[in-house]
Amino acid sequence: YVKEGLTSLCSPNVLNMMIAIFLGIYLAFEFFRYMHSRKESDFYDSMPICKEKWFLNLFASSVGLFLVLATVTNAIEFSIVYSVGYGSKHIFMSILWNLICTIGTFAVCWVTTVLAMIMTGHSIIAFLGFGAIACYIPLIIGYLFPLYANPFFKTYVLRDLPSIYYYFSPISLAYKATHNYSVWNINEHWPYIIGCYIFTILVGLVCYILFLRRPSESAGRAMAFEKTNSRIRIMIVIPLALYAGLFLNEITSVDSTIWLLFGVVFTACILHGIIEAIFQFDIKALVSKKRQLLFTVLFCLAFVLVFWADVFQFDNFVPDEDDVKCIKIDTYFFDHNGNLINNLQDGLSGEYVDDALDAIQDIRSHTEAPDSDDYIYTNDFKITYELKNGKTRQRRYSYYGNSFPESLNTLSTIKDFKDDFCILYHLDKI
């Protein structure tokens, strides 16, 4: 137990991650905050040193300070463990991975903060910029489609956020690289560790290019590059307005899109004015850039219309037989603890695909609940299509009928389907 406890303490963990995140943000802010002061910016820009070397000096000073601190801390940690007789190779590798993860966590947060500092001319705006960069893709963009698809598409199946989104956020990368519910294992975390260093290199190059092009007179302004103001404002306003519309629609508890549309338009107008006023440091800017506001509102309305009218026929999707590699038809069962049991089967393929599609059509034809309560059988079915092009599509149907779907009774003569689907063959899981 002592060895396992020491291994857990020496391995990458959330505490080290939080310390590395804090130091990454703090050191980047301290070394680059002079850019937000006109007096300090003029002083450092007047020094007889080119911008390329000056950026490298700032990089070496801040990052080098953390590298020394992290290396010394981990060396002391190993020395203590070794002195009490537990200095094995396994402990050494745990400390080494902890050092690698800590450096990666620090690096992604450092470059993200530096990017925010270079892009802005005010420290408060820089902190807001860091939060926007860290959360934009995984939280703001990643959950936008599911939150709109769930209320508008009857057949939508909620799924976890695809892991690709986590690679675009420094906080998500740091968390995925270090956090573990039990014992930290490199086999589960190495993609995110590599992602930390790739993220650092790519964003670091962007920081270097922008640092060389950043005008000195941008100190004190909200944004350093005025040409990017419109794009940044639109990227912020559109998703937040769409979220606000959903929120207003939920709290009104009215089965109508009127409140959703009102919330989208109202929020888009308010946010557009507030952000533009912040950019220009002028209250009169609340009613400026009317053409861009019109574009923002129309884009938001078009986005809602796509879901409301099901423009791309999401609910009507059924693939052609020739395009299907495998079909899984799952229903939902619960064990004695109330836990959901699904995904019990491996799927039907080959000659059984046509029979499976017939069963799906039968289920789809009984998805509307009748006005009366004379139906005696109802259940939810989750359909998973594995296509030959490598893609996977899922749909969910609520079936209402007087009996179990006849087409599924036909499929039940197929042993593979019967073994996978029928609850009697899974009593060990109940």
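These legends accompany close-up views of a predicted model, moving from its confidence through its pockets and cavities to one helix contact.

**View 1. Confidence along the chain of the predicted model.** The protein chain has an average pLDDT of 82, and 84% of the residues reach a score of at least 70. Residues 333-344 form a stretch in which pLDDT stays under 50, although the model gives this stretch 27 contacts beyond four places in sequence. Residues 423-430 likewise have a pLDDT below 50, and here the model has 15 contacts beyond near neighbours in sequence. Where pLDDT is low, the predicted coordinates should not be read in detail.

**View 2. The largest pocket, with a volume of about 990 Å³.** The lining is made up of 33 residues, and those closest to the pocket centre are Gly129, Ala132, Ile133, Ile232 and Ile236. Two or more lining residues are given by each of helix H5 (89-119), helix H6 (123-141), helix H9 (186-213), H10 and helix H11 (258-280). Sorted by class, the lining of this largest pocket holds 27 nonpolar residues, together with five polar residues and one charged residue.

**View 3. The second largest pocket, with a volume of about 390 Å³.** Of the 17 residues that line the second largest pocket, Phe145, Pro146, Tyr156, Arg159 and Pro162 are the ones that lie nearest its centre. Helix H7 (144-152) and strand E5 (392-401) are the elements that give two or more residues to this lining, and the largest share, four residues, comes from E5. The classes represented in the lining of the second largest pocket are ten nonpolar, three polar and four charged residues.

**View 4. The largest cavity, with a volume of about 80 Å³.** By class, four of the residues lining the largest cavity are nonpolar, two are polar and three are charged.

**View 5. The crossing of helix H10 (residues 229-252) with helix H12 (residues 290-308).** The axes of H10 and H12 come within 10 Å and cross at roughly 40 degrees, and the crossing is right-handed. On the H10 side the contact involves Ser230, Arg233, Ile234, Val237, Ile238, Ala241 and Leu242, which meet Gln292, Phe295, Thr296, Phe299, Cys300, Phe303 and Val304 in H12. Taken by class, the residues of the contact between H10 and H12 comprise ten nonpolar, three polar and one charged.

Key
Residues are numbered from 1 along each chain as its sequence is written. This is a predicted model: local features need pLDDT of at least 70, side-chain atom pairs count only at pLDDT 80 or more; totals for chains, interfaces and linings use all residues. Side-chain values use heavy atoms; hydrogens and water are left out. On a 1 Å grid over the protein atoms alone, a cavity is a set of points where a 1.4 Å probe fits but cannot get out, and a pocket is an open set with protein on both sides within 12 Å along at least five of seven lines; lining residues have an atom within 4 Å of a point. Grid points are joined across faces, edges and corners, and a volume is the space filled by probe spheres set on the points. Ala, Val, Leu, Ile, Met, Phe, Trp, Tyr, Cys and Pro count as nonpolar, Asp, Glu, Lys and Arg as charged, and the others, Gly among them, as polar. Axes are lines fitted to C-alpha atoms, for helices over the stretch in contact, and angles run from 0 to 180 degrees between N-to-C directions. A crossing is left-handed if the near helix is turned anticlockwise from the far one by less than a right angle, and right-handed if clockwise. Contact means heavy atoms within 4.5 Å. pLDDT is the predictor's confidence in each residue, from 0 to 100.
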